Amino acid sequence: MSLVPSWFGGRRSNVFDPFSTDLWDPFKDFPFPSSSLSASDFPQTFRENAAFVNARIDWKETPEAHVFKADLPGLKKEEVKVEIEDDRVLQISGERNVEKEDKNDRWHRVERGSGRFMRRFRLPENARTDQVKASMENGVLTVAVPKVEEKKPEVKAIDISG
């Protein structure tokens, strides 16, 4: 191994050579995409499941409700389902279809996920699952699960004699 780069000898391909033009990818054998790989480097089933990983959802609790917000860019409300299972599990699912290919098209990179996604959340006891509301605007799904109104303890003043 030479310490001087081969300017005239073509491409160098030794990962231990500091002047090598090859880029080492430490994640190349792991089953998830890294920045140096394109979607075509993965089997079809993995690419379809990549959308599951990319469905990002925030959950916050306010005094009145549990609020879930999901970023679902490019999806219509008809392509998304919000369901309550077993009285305590909120399930958000949907499907992003693959873009139709034309024979004349030449793809250079495919990064947007397609396929089905599903996320489940176990709701706490104070959730009113019979009054769930969902809305979708600009690719953001908002699900509001109202909370059971907490009964405040009744305080009764006692006179002190003496």
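Of the 162 residues of the protein, 24% count as buried, where buried means under 20% relative accessible area, exposed means over 50%, and partly exposed lies in between (1.4 Å probe, protein chains only). The accessible surface comes to about 13500 Å², and 52% of that surface belongs to carbon and sulfur atoms; these areas come from the Shrake-Rupley method with a 1.4 Å probe, and for residues only the protein chains shown count as cover.

A word on how to read the model. This is a predicted model, in which local features need pLDDT of at least 70 and side-chain atom pairs count only at pLDDT 80 or more, while totals for chains, interfaces and linings use all residues. Residues are numbered from 1 along each chain as its sequence is written, and side-chain values use heavy atoms, with hydrogens and water left out.

Next comes confidence. The pLDDT (the predictor's confidence in each residue, from 0 to 100) averages 77 over the protein, and 67% of the residues score at least 70. Over residues 47-52 the pLDDT is below 50, and this stretch has 16 contacts in the model beyond near neighbours in sequence. Contact here means heavy atoms within 4.5 Å.

Now for the fold. The protein has 1 helix and 7 strands, and from the N terminus on its elements run α-β-β-β-β-β-β-β. Helices (H or I, at least four residues) and strands (E, at least two) are DSSP runs, numbered from the N terminus. Among contacts with a separation of 6 or more, 48% are between residues 24 or more positions apart.

β1 (residues 57-61) pairs with β2 in the antiparallel sense over 5 bridges; two strands pair if DSSP finds at least two bridges between them. A hairpin of 3 residues joins β1 to β2, and I57 stands opposite A70 in β2.

In soluble globular proteins, nonpolar side chains tend to be buried together. Not counting residues up to four places away in sequence, V143 touches H66, V67, F68, V82, L90, I92, V132, K133 and A134.

K147 sits in the segment after β7 (140-146). Is K147 buried or exposed? K147 counts as buried because its relative accessibility is 16%. The side chains of K147 and E61 are joined by a polar contact of 2.7 Å, and a polar atom of the K147 side chain lies 3.1 Å from the backbone oxygen of T62. A polar contact is a pair of N or O atoms within 3.5 Å; within protein, one must be able to donate a hydrogen and the other to accept it, and residues adjacent in sequence count only if both atoms are side-chain atoms. Leaving aside neighbours within four places in sequence, the contacts of K147 include P63, E64, N126 and R128.

V148 lies in this segment after β7 too, but V148 is partly exposed, with a relative accessible area of 40%. Beyond four places in sequence, V148 is in contact with N126, A127 and R128. V148 and E64 are 84 residues apart in sequence and 8.3 Å apart in space, C-alpha to C-alpha.
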